[in-house]
2 protein chains.
Amino acid sequence: MNDPIATGLRDALDGHYREIREEFRGQADPALLLGDPGASTQEQRERVTDQLGKIAALGHGRVGFPAAYGGTHDYGASCALFEMQGYGDLSLLVKGGVQFGLFGGAVARLGSARHHDKVLSGIMNAEILGSFAMTEIGHGSNVQRLETTITFDPATDELVVDSPTPSAAKTYIGNAAKDARMAVVFGQLRTPAGDSFAEYGVHAVLMDVRDGEGNPIKGVTIGDNGVKGGLPGVDNGTFSFDQVRIPREALLNKFADLDSDGTYHSDIANENARFFTMLGTLVRGRVCVGGGAASAGKKGLAIALRYGARRRQFEAPGAEQEIVVLDYLAHQRKLFPLLAKSYALTFAQNSVTETLQELHGTPLPDGQEHPKEAIRELETRVAGLKAVSTWHAIEALQTAREACGGAGFIAENQLTQARADVDVFATFEGDNTVLLQLVAKGLLTEYKEMFGDLAMADLAGLVTKQVAEGLVERTAGRAGLQRLRDIARGRDHESAMDDHGWQLSMFEQRADHALETVGKRLRKATKDNGFELFNDAQDHVLFAARTHVDRCVLEDSLEALEQMPDGDAKTLMGKVLSLYALSSIEQDKAWFLEHGRLNTSRSRQVTATVNQLCQELRPYVHSLVDGLGIPESLITAPIATGTPSTTFA
Amino acid sequence: MNDPIATGLRDALDGHYREIREEFRGQADPALLLGDPGASTQEQRERVTDQLGKIAALGHGRVGFPAAYGGTHDYGASCALFEMQGYGDLSLLVKGGVQFGLFGGAVARLGSARHHDKVLSGIMNAEILGSFAMTEIGHGSNVQRLETTITFDPATDELVVDSPTPSAAKTYIGNAAKDARMAVVFGQLRTPAGDSFAEYGVHAVLMDVRDGEGNPIKGVTIGDNGVKGGLPGVDNGTFSFDQVRIPREALLNKFADLDSDGTYHSDIANENARFFTMLGTLVRGRVCVGGGAASAGKKGLAIALRYGARRRQFEAPGAEQEIVVLDYLAHQRKLFPLLAKSYALTFAQNSVTETLQELHGTPLPDGQEHPKEAIRELETRVAGLKAVSTWHAIEALQTAREACGGAGFIAENQLTQARADVDVFATFEGDNTVLLQLVAKGLLTEYKEMFGDLAMADLAGLVTKQVAEGLVERTAGRAGLQRLRDIARGRDHESAMDDHGWQLSMFEQRADHALETVGKRLRKATKDNGFELFNDAQDHVLFAARTHVDRCVLEDSLEALEQMPDGDAKTLMGKVLSLYALSSIEQDKAWFLEHGRLNTSRSRQVTATVNQLCQELRPYVHSLVDGLGIPESLITAPIATGTPSTTFA
């Protein structure tokens with residue numbers, strides 16, 4: 001790439017994991033990474049299974065596994081790699097995510113040597129394919145209420161896995177319908193206690209689901225979820241268990257174990273705390289899902305922008321040639337604010353990726369532990385960023401499709417399959433709305449309270465002010481941001497619209513006030529009115545969560561901007577981030593007006609400035625697209641590459 | 001249906017064409033009307049072709065064709081029927097729309113007896129399948145610039161159809177890839193004039209594209225657009241013409257004809273006027289597309305609401321049973337405002353359907369003609385409603401999908417295929433953004449100016465005030481609305497939020513002010529700055545168009561409400577329409593605040609009232625869903641019917 005601006009932008013976006021991204025760009029093979037929209041479900045599944053094996057052969061499965069088993073044990077790198085794979089077929093991405101991330105990650109993080117010795121190498125090589133069997137028909141979001149039971153039988157020293165009701169069946173499980181030989185199965189662990197059972201909450205076991213010939217093992221019924229709205233190459237299916245007996249040692253015992261006499265041990269006494277600690281170790285899945293979706297969104301925008309910069313339609317009066325559609329303000333307003341948000345979200349994604357590696361991938365000496373608060377804060381940020389990133393990707397691909405008109409609807413132009421595939425990213429690894437509530441809860445609750453009952457109504461009656469202030473202090477500690485903030489302080493009604501300090505101040509005021517309001521409302525809760533009070537405030541709760549994420553995204557972005565070398569790329573990035581900030585303020589204009597943070601004249605100026613920034617970015621569209629760093633070999637859309645086809649002349 | 005409220009709602013929504021809707025409900029056969037998501041493209045195409053023939057055998061193709069050829073010639077009824085078919089598979093809907101509406105409609109409305117005698121009967125019976133070949137690779141929205149040429153050759157008394165460039169190829173043409181034997185082909189008509197040609201603008205010819213054995217006729221190259229983002233059963237493809245010779249009489253000659261000596265005749269002297277008159281006669285296509293999409297959206301909401309009223313997730317503290325998800329405010333806010341908009345849009349759809357029948361389907365005695373102003377106004381309304389309805393349907397299906405979580409992503413639950421199919425409804429029959437600009441143009445321009453250059457920059461410098469006032473006068477003429485308006489007048493800051501007169505006044509103020517602002521800005525245009533001025537105002541132009549449509553929708557809805565018999569259904573409908581109105585005001589809160597139409601306290605009250613209305617509608621959810629009048633036989637989603645499956649226990 002000979003465009004220094006594009007190079008500067010890309011280097012900034014690449015961040016800490018530039019090397020692994022560059023390596024991927026250098027070798028990204030379309031035959032290995034792209035799909036074949038329109039092939040039958042069976043063909044898609046076979047193609048993806050085949051590609052998965054080839055990717056494993058390249059060693060891509062090893063990133064993020066323990067070094068002792070041949071892995072490279074870089075958690076952050078595995079997220080960066082996942083992001084890069086997000087520029088290819090998303091069925092393959094998700095299939096790999098199920099195999100190496102969910103299934104393999106659960107074995108690695110929840111299990112111990114007795115499991116690792118047996119399967120990790122086979123998992124990395126994709127010789128042992130497996131499922132992550134958590135979701136049930138009856139419970140997707142509220143997984144603490146799973147119905148599957150895992151009952152210890154002291155007579156045989158076995159665990160008995162059972163689906164007691166139809167709604168206990170595991171469903172939407174990736175790898176289940178066709179490929180999984182093993183599965184990590186979540187259920188309620190219990191041991192006999194007199195006429196009844198002692199209950200320990202949700203735990204996971206590693207078990208076979210198919211025999212060497214691919215048939216379900218006795219007691220396991222496997223179903224097929226059939227055709228889906230996307231991800232046709234992923235064989236989602238169901239598992240039902242009829243009193244399936246497995247050895248006691250199948251329990252993934254990192255956080256809890258059972259003795260042969262049925263005695264239960266765990267270092268974490270509280271059942272909730274234990275469950276959320278287990279889930280917390282799997283947070284990487286959410287980091288990956290957000291990052292992978294973000295890549296798909298970027299690719300969609302890149303295709304639409306390249307086409308928009310080429311396509312002409314309607315002539316100005318007196319002109320002979322028609323106007324390039326990207327010269328229309330309406331077209332710019334469709335695409336540039338989304339592009340700016342893609343840039344900003346990348347910096348936030350880099351930030352959580354690096355923090356993940358710091359906290360999950362970097363053991364401290366002498367058995368020291370990373371502070372629990374930092375770990376919880378990471379989980380909150382990841383939950384919020386996953387929700388915001390996946391919704392953004394959906395919107396970006398949808399807008400890109402429409403912006404390309406009929407050509408956008410033809411599969412060869414690489415928008416429709418990705419759009420269909422990315423849809424469920426808003427649902428899996430946590431429904432976005434539920435995740436935003438988790439963010440609000442994380443903000444509202446003292447961290448130790450996180451280990452209380454996660455039922456949503458529990459948000460009520462919690463101390464908020466201290467937490468809000470704690471967060472402000474934390475972010476205020478970043479020197480660069482503090483300088484920006486100081487310059488802007490107290491001049492809200494006279495700052496220039498492109499003053500990043502003012503933008504940051506607007507984001508902070510929005511987030512802080514939203515959180516305070518929710519806190520005040522919920523503080524009135526009693527045991528009897530808790531649900532109603534929470535429910536009436538639910539839109540505020542979601543607003544508080546979303547605006548908190550927005551604030552984090554802008555902070556991370558402005559920090560990254562500070563670190564860029566002076567020059568044209570930095571100047572352009574500054575405009576991109578202003579567009580991100582002002583588009584966000586524009587969307588919440590009503591809030592800023594209602595709360596006296598903008599007067600009507602400045603409110604109109606926000607819109608005028610968004611328009612102006614779109615027009616200022618227009619001449620740099622190719623640098624901005626190239627700056628995203630999408631492997632060119634994976635962009636094959638005729639409308640973006642100029643290859644003649646039935647959709648491009 | 002034994003629910004009198006649901007019956008009352010349904011009767012109101014059914015409107016004038018209740019009979020044809022009831023008949024359809026009584027006979028809606030899932031085997032005939034539903035699709036099979038996940039089948040291969042080839043299977044889908046074959047299934048749809050087969051279903052098309054069966055529908056034609058039922059006589060559904062006859063509605064809307066001249067009685068002299070066996071049709072029933074009720075234009076409005078053909079739209080109502082199309083709406084009902086929109087509850088079935090959308091590939092079939094679109095295939096039928098291409099055959100009977102676009103292809104058949106063009107022959108009927110642009111041709112004359114020489115064409116009708118030859119093909120109309122075969123078109124209605126689906127014995128002669130055909131295409132409507134307008135769009136080219138290079139021109140989709142700006143169809144006045146089509147490149148295909150239709151050149152008269154006096155030596156042989158023939159027309160020569162030719163694609164002079166690659167971008168002149170017809171593309172995205174329904175029926176082309178597999179089935180069409182004939183096509184209505186649009187191109188630039190010209191006759192030899194010395195060394196050059198006399199040009200007459202875009203005209204249409206009726207020609208063969210395949211021979212009796214299904215092979216392309218000589219000179220016609222047929223291509224396949226292949227896999228698309230939806231509508232897999234529609235065989236979209238391409239036509240290229242290499243000097244294809246057809247008889248002079250192939251010209252569809254309702255509005256213009258050629259003599260054998262090459263003399264050109266038309267009653268409409270102006271080339272633009274002629275072209276837009278031709279297009280105007282085809283306005284039914286847009287009516288149908290908006291109505292069909294709206295039906296798909298309603299079905300999606302119905303499925304999500306029924307599931308939401310049954311699905312439980314998360315328990316309130318102290319409660320044993322989990323909470324029904326539709327009891328969460330966030331879930332209500334996702335779905336009820338969309339449902340309310342679906343109700344309101346139905347009334348607007350009924351209004352344009354009836355007007356269409358009045359103006360296009362009801363000849364006046366003694367060769368009198370319907371007033372041109374009324375015809376143009378209808379075209380403007382149809383353009384706007386098509387844009388708003390199709391975008392709404394996309395949003396409704398998308399939201400329904402997400403609201404159903406993983407279950408929503410599984411094809412058997414009938415959301416994903418419809419969501420994918422409906423996507424392109426925002427593009428075909430006019431790109432929505434371009435259509436909204438057409439609406440603005442229609443409002444800004446004296447009707448006779450409509451016949452000027454349609455280039456978008458031409459909006460500039462036109463008299464607006466009179467037109468805006470003219471519109472207000474027109475709608476003020478409706479007695480019921482006038483009464484509402486009088487009661488509310490002058491009390492903007494004290495009216496109750498559920499006062500329909502106040503709501504209407506807010507909608508009117510928004511639309512009128514938006515239009516005035518655009519008019520003032522564009523009046524400054526000169527020949528040199530026209531495009532820039534227009535372009536800088538493009539967001540205002542789109543806002544003016546959209547708010548005009550909103551106003552029309554509310555007017556039509558409140559009129560329909562007035563006509564309902566007093567009772568519970570009417571009371572509930574009143575709340576539904578308040579929710580529609582207040583949700584719309586809430587979305588534009590910033591505008592109302594900026595322009596002093598809401599103070600901050602009333603602005604917050606709007607949101608509080610939206611929340612309250614959602615909760616008030618909650619107990620009536622089943623009546624509200626049943627009231628939509630969707631044929632129950634076409635709702636097969638296990639999550640909506642309670643049938644056990646891999647997604648519902």
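In the predicted model, helix α16 (residues 479-488) of chain B and α19(B) have axes that come within 9 Å and cross at roughly 100°, and α16(B) and α19(B) are therefore roughly perpendicular to each other. Helices are DSSP runs (H or I, at least four residues) numbered from the N terminus; axes are lines fitted to C-alpha atoms over the stretch in contact, with angles from 0 to 180 degrees between N-to-C directions, of which 65 to 115 count as roughly perpendicular and those over 145 as roughly antiparallel. In contact (heavy atoms within 4.5 Å), Gly480(B), Leu481(B), Arg483(B), Leu484(B) and Arg485(B) of α16(B) meet Glu555(B), Leu558(B), Glu559(B) and Glu562(B) of α19(B). These residues divide into 3 nonpolar, 1 polar and 5 charged, where Ala, Val, Leu, Ile, Met, Phe, Trp, Tyr, Cys and Pro count as nonpolar, Asp, Glu, Lys and Arg as charged, and the others, Gly among them, as polar.

Helix α19 (residues 538-563) of chain B also meets helix α20 (residues 568-587) of chain B, their axes coming within 10 Å and crossing at roughly 170°, and α19(B) and α20(B) are therefore roughly antiparallel to each other. Among the residues in this contact are Leu554(B), Leu558(B) and Leu561(B) from α19(B), and Met573(B), Leu577(B) and Tyr580(B) from α20(B); by class the contact has 8 nonpolar, 3 polar and 3 charged residues.

Between the chains, the contact takes 87 residues from chain B and 87 residues from chain A. The buried area (accessible area, 1.4 Å probe, lost on putting the two parts together and summed over both) is about 7,100 Å², of which carbon and sulfur atoms give 55%. On the chain B side, Phe314(B), Phe409(B) and Glu594(B) lose the most area to chain A, together 11% of what that side buries. Across this interface there are 8 salt bridges (a side-chain nitrogen of Lys or Arg within 4 Å of a carboxyl oxygen of Asp or Glu), and one salt bridge joins the side chains of Glu322(B) and Arg145(A) at 3.8 Å, N to O.

Residues are numbered from 1 along each chain as its sequence is written, and chains are lettered from A and ligands numbered from 1 in the order in which they are written. Local features need pLDDT of at least 70 and side-chain atom pairs count only at pLDDT 80 or more, whereas totals for chains, interfaces and linings use all residues; side-chain values use heavy atoms, with hydrogens and water left out.

Conventions: Helix = DSSP H or I, 4+ residues; strand = E, 2+ residues; numbered from the N terminus. Parallel < 35°, antiparallel > 145°, perpendicular 65-115°, else oblique.
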